[in-house]
Amino acid sequence: MSLVGCYNTVFDESTVFQSGGREPIELQSEQVTISSDALTCAVENGLFEGPSESGSRTVARLTEAGRALGFSDDVSIGDSGYLYPYTQVRGKFEIEFQQVTKIADLQAGVKRVEGRAGVKINHPCFRGPLPLMGIRNGTLAENFPAAFEFDQDGNDWHISNVIH
């Protein structure tokens, strides 16, 4: 009985960090940035083709090996307004939070969390999570926090959705 009284029912940054990687969540074509080193490694390992000019932009075309890891689009490189190459992921992934910038109540048992978070890809080229891009004024922004919905299930919280 004394252990029940010790359970922390407060939803805070600690809850977000602990809940983030607990179980994979379904992502539907979420944009992530990829470092130049990780992209070079991914090309060398056949996850993407080498970068090439395609009209007014440079892309590294997605291969079946990259698709098998959950990538769902080519990598765009050097697009105006973006410092880093970026691509999309689709499927079930673990999310790792690096920073929480805002927590808000949406309704009872539902929270909105904004923060810097990344998608874990199970491959040696991706030593750390690939940063998720947030939405700023209706446009993807690589240096803007992503937003997540957390739902309460009994005493546990879990990510239920990426919010746009």
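This is a predicted model: local features need pLDDT of at least 70, side-chain atom pairs count only at pLDDT 80 or more; totals for chains, interfaces and linings use all residues.

Visitor: Ok. How many cavities of 30 Å³ or more are there?

Guide: On a 1 Å grid over the protein atoms alone, a cavity is a set of points where a 1.4 Å probe fits but cannot get out, a pocket is an open set with protein on both sides within 12 Å along at least five of seven lines, and lining residues have an atom within 4 Å of a point. By that rule the count is 1 cavity of 30 Å³ or more. The largest cavity holds about 30 Å³ of space. Here grid points are joined across faces, edges and corners, and a volume is the space filled by probe spheres set on the points.

Visitor: Which residues line the largest cavity?

Guide: The lining is made of S19, G20, R22, E23, I25, W157, H158 and I159. Helix 2 and strand 12 are the elements that give two or more residues to that lining. Strand 12 gives the most, with 3 residues. By class, the lining of the largest cavity has 3 nonpolar, 3 polar and 2 charged residues. Helices (H or I, at least four residues) and strands (E, at least two) are DSSP runs, numbered from the N terminus.

Visitor: Let's stay with helix 2. Which of its residues are buried?

Guide: Helix 2 covers residues 13-20, and its buried residues are T15, V16, S19 and G20. They fall within an arc of 125° seen down the axis of helix 2, so they line one face of the helix. The arc is that of the directions from the helix axis to the C-beta atoms. Buried means under 20% relative accessible area, exposed over 50%, and partly exposed in between (1.4 Å probe, protein chains only).

Visitor: What do those buried residues pack against?

Guide: The buried residues of helix 2 pack against strand 6 (95-107), strand 7, strand 11 (146-153) and strand 12 (156-163).

Visitor: New topic! How much space lies in the largest pocket?

Guide: About 200 Å³. It's lined by 15 residues, and S35, A38, C125, R127 and L130 lie nearest its centre. By class, the lining of the largest pocket divides into 10 nonpolar, 3 polar and 2 charged residues. Helix 3 and strand 8 (130-131) each supply at least two of the lining residues, and the largest share, 3 residues, comes from helix 3.

Visitor: Helix 3, then. Which of its residues are buried?

Guide: In helix 3 (residues 36-44), A38, L39 and A42 are buried. Down the axis of helix 3, the buried residues fall within an arc of 100°, so they line one face. They pack against strand 3 (57-60) and strand 4 (75-77). Over on the other side of helix 3, D37 and E44 are exposed.

Visitor: Which residue other than glycine has a positive phi near 55°?

Guide: That's S29. Most residues other than glycine have a negative phi. S29 sits in strand 1 (residues 25-33) and is partly exposed, at 22% relative accessible area. N137, also not a glycine, has a positive phi near 50°. N137 is in the loop between strand 9 (134-136) and strand 10 (139-141), and it's exposed, at 77%.

Visitor: What about E114: buried or exposed?

Guide: E114 is buried, with a relative accessible area of 18%. It lies in strand 7 (residues 110-119). Leaving aside neighbours within four places in sequence, E114 is in contact (heavy atoms within 4.5 Å) with V100, T101, K102, P145, A146 and A147.

Visitor: Last one: where does D79 lie?

Guide: D79 is in the loop between strand 4 and strand 5 (86-93). At 15% relative accessibility, D79 counts as buried. Leaving aside its neighbours within four places in sequence, D79 is in contact with R57 and Y86. D79 and I95 are 16 residues apart in sequence and 26 Å apart in space, C-alpha to C-alpha.

Notes: Residues are numbered from 1 along each chain as its sequence is written. Side-chain values use heavy atoms; hydrogens and water are left out. Ala, Val, Leu, Ile, Met, Phe, Trp, Tyr, Cys and Pro count as nonpolar, Asp, Glu, Lys and Arg as charged, and the others, Gly among them, as polar.
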